[in-house]
Amino acid sequence: MAEDLQISKGTKEEQYISIIQQIKGLLEGEMDLVANLANIGAALKEQFNWWWVGFYLVKNDELVLGPFQGPVACTRIRKGRGVCGTSWAQAKTLVVPDVEQFPGHIACSSFSKSEIVVPLFYRGEVAGVLDVDSEQMNHFDETDKKYLEEIVSLIN
Ligand code: SME
């Protein structure tokens, strides 16, 4: 497998379609969870250059920071807390156009203005979340939701 990503310069949808194909290639034949999460985060960061992209994993009733790309972040989040803990508790994707309007938002970085959090399921339970932050307000929409959900469904 070539290690270099091809970076798409098309529409957002074209960029997702291109990166998903490449993520499938990166995951092929590799069963290690951390290795796969690390490469997914790196591929997404390279394609979209978001402020922060990474994973939190459920460990002993808390979310614990996993592989990520971007500035240092909070290490532990309780169920129901912040956007990540709420996505976990509700087992659904949350698109937050303005983090200041989200009650209990956890500000790991003052630069983060909008956010999307997608739960990662394993055997029907939330096993973690994919969290993406942007320094722009209102950065994420239904297209991001659709394709990021597809990306996390590739992890098992
Ligand atoms: N903002 C998140 C915390 C994680 S950081 O953004 C990386 C939240 O409210 O859950």
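Predicted model: local features only at pLDDT ≥ 70, side-chain atom pairs only at ≥ 80, totals over all residues.
**The ligand site and its surroundings**

Residues are numbered from 1 along each chain as its sequence is written, and side-chain values use heavy atoms, with hydrogens and water left out.

A nitrogen atom of the ligand is 3.1 Å from an N or O atom in the side chain of Glu115. For Asp131, a side-chain N or O atom is 3.3 Å from an oxygen atom of the ligand. The protein covers 99% of the 310 Å² of accessible area that the ligand has on its own, by the Shrake-Rupley method with a 1.4 Å probe.

Which residues are closest to the ligand? They are Val83, Cys84, Ile106, Glu115 and Asp133, in a surrounding shell of 13 residues, each with a heavy atom within 4 Å of the ligand. By class, the shell divides into eight nonpolar, two polar and three charged residues; Cys counts as nonpolar, Asp, Glu, Lys and Arg as charged, and Gly as polar.

Strand S1 (52-59), helix H3 (82-90) and strand S6 (125-134) each supply at least two shell residues. The largest share, three residues, comes from H3. These elements are DSSP runs, helices (H or I) of at least four residues and strands (E) of at least two, numbered from the N terminus.

Finally, the whole chain. It has four helices and six strands, in the order α-α-β-β-β-α-β-β-β-α from the N terminus. Its C-alpha atoms fill a box of roughly 40 × 35 × 25 Å along the principal axes.

Note on methods
Polar contact = N/O pair within 3.5 Å; in protein donor to acceptor, adjacent residues only side chain to side chain.
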